[in-house]
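Biologist: I have a model open and want to learn how to read it. Where do we start?

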Amino acid sequence: MSESSPPPTEQLPKQRFLEDNLEMTMREMLPLMQARILERTTYFGIRTLKNPLDFWLYQELIHQVQPDVILEIGNFCGGSLLALAHQCDLRRCGRVIGLDIDQKQIGEIVRQHPRITLLEGDAVTNSGLVREMISPADRVLIIEDSAHTYENTLAVLREYSDLVSVESYFIVEDGNCHHGLDVGPSPGPYEAVLEFMQGNSQFVIDRICESFFVTWNPLGFLRRIQ
C-alpha cells in the first residue's frame, strides 16, 4: 500500500462517502440519511428512529430546561426512551413517561429502567392518566412522535400544550414529511404546527434549534413563553 492510499474500510452496499460526494445536493443526501436511520440506527442495541443531530439538540435542551418529566408520545422499540432516561441518570434527577398506542416492541432493558414509566393507549384518550402522573410543580418537556398525520399531531398539540412548562419545549417530530423527504402523510406535522400556532401567544417556533441545518423536525421546536 502506498503512503497516499487510504486504509482499507469495510464497504457497505451502495455506501457513499463524503470526500467523493461533495457536490451532492440536499435532495440527494437526505434520503441516504433517512435510509441509515430506518435500517441501522440503534441505541444500546435497540432500534431508534431518530436523527442523531436532533437528539444531540435534545440533550442540549434537557440541560437547559432541567425537566422533572419528559413525556415522549410515540415510542416504537423504546430506544429514545432509554436515551432520555440516561440523560436523567446523568443529571441524577428526572423521569420519563412513554405513551404509545402499542408498546409490544419495547425491550426489557427499557421496561426495567427505574426512571421510565410506560403507558399504552391513544394519546388524546389517555391524557387524563398522564396528568395524574405529573404534579403542578413539575417542569415538563414533551416530544410528539406518534402517527404524524395532520389530524393526530394537531390533536396532541392541543391536548397537551398546557402541560409544557414556561421556557420548556413541545418538540414535534417528522415535520420533514414532504418538507425535506417525500415520505409520510401530507398534510402532516409541519402543517399541524402551522395551524396550532395560528393566534397562539403561548408558544414561539424556536428555529435556533435547527442550527445543525439538517433536522427531521423543521418548525418542530416550540418553546413556551407564557
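Modeller: With contacts. Contact means heavy atoms within 4.5 Å. Here, among contacts between residues at least 6 apart in sequence, 67% join residues at least 24 apart. One caution: this is a predicted model, where local features need pLDDT of at least 70, side-chain atom pairs count only at pLDDT 80 or more, and totals for chains, interfaces and linings use all residues. Residues are numbered from 1 along each chain as its sequence is written, and side-chain values use heavy atoms, with hydrogens and water left out.

Biologist: How many helices and strands are there in the protein?

Modeller: Both are DSSP runs, numbered from the N terminus: helices are H or I, at least four residues, and strands are E, at least two. This protein has seven helices and nine strands. Next, the radius of gyration, taken over C-alpha atoms; the globule rule is 2.2 Å times the number of residues to the power 0.38. The value is 19 Å, close to the 17 Å that the rule gives for 226 residues, so the protein is as compact as a globular protein of that length.

Biologist: What share of the 226 residues count as buried?

Modeller: Buried means under 20% relative accessible area, exposed over 50%, partly exposed in between, with a 1.4 Å probe and protein chains only. In this protein 47% of the residues count as buried.

Biologist: Which residues have the most contacts inside the largest nonpolar core?

Modeller: A nonpolar core is a set of buried Ala, Val, Leu, Ile, Met, Phe, Trp, Tyr and Cys residues joined through side-chain atoms within 4.5 Å. The largest has 27 residues, and Ile142, Tyr160, Phe170 and Leu222 have the most contacts inside it. Elements giving two or more residues include β3 (69-73), β6 (140-144) and α7 (189-197). The top contributor is α7, with five residues. A second, separate core has 25 residues, among them Ile46 and Phe221.

Biologist: What does Ile142 touch, beyond its neighbours within four places in sequence?

Modeller: Its contacts include Leu71, Ile73, Tyr160 and Phe170.
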